[in-house]
Amino acid sequence: MAGFFKSLIQRFTKPDIDWDDLEASLIAGDLGPKLALQIVSDLQAQQRKLHGADIVQVARDHVRKILPESVPHLTPFADGRPKVLLIVGVNGVGKTTSTAKLAHLLQHAGHKVVLAAADTFRAAAVEQLQVWSQRLDAPLVKGPPNSDPAAVCFEGYEMAVKTGASFLLCDTAGRLHTKHNLMEEMKKIHRVLGRKDPTSPHEIILVVDATTGSNALQQAREFHKAIPLTGLIVTKLDGSGKGGVLVPIQQELKVPTRFIGLGEKVEDFQAFDSKRFVDELL
Ligand code: GDP
């Protein structure tokens with residue numbers, strides 16, 4: 001993703017900038033209309049000749065101001081209770097793969113992880129998670145097809161307690177087309193898990209695909225309305241998407257990006273580093 005915007009906006013080197021074209025370029029990079037307008041207005045207000053480097057600098061300053069310098073790390077509870085994470089997102093964004101990648105990252109940090117295949121509506125998703133569980137040597141809890149996702153999370157919790165795992169990762173079905181169902185399902189998961197630990201689930205992390213551009217913002221809006229998200233995983237940053245969309249998601253919804261996916265392998269996953277992201281994007 002290195003220098004994506006830089007190359008995009010450095011061509012505006014002449015003093016007589018085509019403002020519409022610049023705004024369109026910023027929007028094309030998924031920064032969103034609001035931020036694009038703020039950047040353009042800021043540049044227009046400057047009483048001096050502007051060059052590509054100035055534009056990059058102003059855009060960079062704006063993005064830096066929006067993104068938090070650091071994001072909370074995933075740390076286990078000191079009292080040994082399992083920390084429960086719900087991983088949500090629409091089909092195809094890389095939800096199951098990201099669940100496995102996150103499990104791998106946590107294992108690498110020395111933590112025990114249990115996986116719960118709570119996307120019970122897609123047999124393929126359960127099978128896929130099962131393959132990952134074998135590869136990662138992480139216990140998996142699953143139910144029969146179309147079984148209750150809340151029950152799978154509940155059993156996952158019991159398994160996490162039994163095996164002394166610090167984290168329970170629940171791969172859930174994100175069926176956005178029926179927001180009511182999604183909300184009901186989430187409420188039920190909260191209610192059922194609440195019998196074990198009233199504060200769980202502790203994190204609700206939305207997975208979005210960087211290659212879908214501003215669709216990711218729309219998905220984040222809808223999920224956040226149904227269930228308050230605590231973080232974002234942005235996948236497929238190894239592809240054509242540069243991840244600019246995570247900026248308006250942070251700006252509008254205050255949902256921070258926690259991790260990024262950079263490929264199909266389990267190792268292709270990193271904690272989000274905003275400084276590096278800004279340097280590489282701009
Ligand atoms: P789900 O339907 O949201 O659970 O999506 P999957 O986890 O099944 O992923 C869909 C496809 O995207 C699979 O082919 C994954 O290998 C691929 N994928 C997931 N994350 C990444 C990523 O960061 N980069 C690339 N290139 N592919 C990814």
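# Ligand site and pockets

Let's start at the ligand. A polar side-chain atom of Arg122 lies 3.3 Å from one of the ligand's oxygen atoms. That is a polar contact (N or O atoms within 3.5 Å). Keep in mind that this is a predicted model, with local features taken at pLDDT of at least 70, side-chain atom pairs at 80 or more, and totals for chains, interfaces and linings over all residues. Numbering runs from 1 along each chain, and side-chain values use heavy atoms, without hydrogens or water.

Two further contacts. Thr96 places a polar side-chain atom 2.8 Å from a ligand oxygen. Gly261 does its part through the backbone: an N or O atom there is 3.3 Å from an oxygen of the ligand. How much of the ligand does the protein bury? On its own, the ligand exposes 580 Å², and the protein buries 80% of that. Those areas are Shrake-Rupley values with a 1.4 Å probe.

Now the shell. There are 18 residues around the ligand, counted when a heavy atom lies within 4 Å. Gly92, Lys95, Thr97, Asp238 and Glu264 come nearest. By class, the shell has three nonpolar, nine polar and six charged residues. Here Asp, Glu, Lys and Arg are charged, while Gly counts as polar. Which element gives the largest share of the shell? Helix 5, residues 95-108, with four residues. Helices are DSSP runs of at least four residues, strands of at least two.

On to pockets. A pocket is an open set of points on a 1 Å grid where a 1.4 Å probe fits, with protein on both sides within 12 Å along at least five of seven lines; lining atoms lie within 4 Å of a point.

Next, the largest pocket. About 220 Å³ lies in there. It has 17 lining residues, and Pro72, His73, Leu74, Phe259 and Ala271 lie nearest its centre. Helix 5 and strand 7 (257-261) each supply at least two of the lining residues.

Last, two backbone points. Most residues other than glycine have a negative phi, and most peptide bonds are trans. Asp30 has a phi near 70°, a positive value. Asp30 sits in the loop between helix 2 (19-28) and helix 3 (33-44). The bond from Ser200 to Pro201 is cis, with omega near -5°. Find Pro201 in the loop between helix 8 (179-194) and strand 5 (203-209).

Methods. Polar contact = N/O pair within 3.5 Å; in protein donor to acceptor, adjacent residues only side chain to side chain. Points joined across faces, edges and corners; volume = space filled by probe spheres on them.
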